[in-house]
Amino acid sequence: MTWGPQMMCYTCPKCGHKFKYELDRMQEFGEDFGKCPKCGAEGTFDHDGPRRAADDIYEEVDA
């Protein structure tokens, strides 16, 4: 049984935006992994793990 992709969830300390990245795509994003897609600031790590209903408040970052 698989839990699906592992997500890393962040909150931007600059603009307050909540976002998440799929851990398997770390190399694809490179140095931008963990940065806010709205303002570019380095996000503050909240939690990681498989997708869950409570993570709906986080926007998934897509390339």
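Is F45 buried, exposed or partly exposed, and what is its relative accessible area? F45 is partly exposed, at a relative accessible area of 41% (buried is under 20%, exposed over 50%, partly exposed in between; 1.4 Å probe, protein chains only).

This is a predicted model in which local features need pLDDT of at least 70 and side-chain atom pairs count only at pLDDT 80 or more, while totals for chains, interfaces and linings use all residues. Residues are numbered from 1 along each chain as its sequence is written, and side-chain values use heavy atoms, with hydrogens and water left out.

**View A. The aromatic pair Y10 and Y21.** The structure holds six aromatic pairs (rings of Phe, Tyr and Trp, the last by its six-membered ring, with centres within 6.5 Å; planes under 30 degrees apart are stacked, over 60 edge-to-face, the rest tilted). Y10 and Y21 are edge-to-face, 6.3 Å centre to centre with 85° between the planes. Y10 belongs to strand β1 (residues 6-11) and Y21 to strand β2 (residues 18-22), so the pair ties together parts 11 residues apart in sequence (strands are DSSP runs of E, at least two residues, numbered from the N terminus). Both residues are buried.

**View B. The aromatic pair Y10 and F45.** The ring centres are 5.9 Å apart and the planes at 75°, so this pair is edge-to-face. It links Y10 in strand β1 with F45 in strand β3 (residues 44-50), 35 residues apart. Y10 has a relative accessible area of 8%.

**View C. The aromatic cluster.** Y10, F19, Y21, F29, F33 and F45 form one cluster. Leaving aside neighbours within four places in sequence, F29 is in contact (heavy atoms within 4.5 Å) with Y21, V61, D62 and A63.

Definitions and conventions:
Helices (H or I, at least four residues) and strands (E, at least two) are DSSP runs, numbered from the N terminus.
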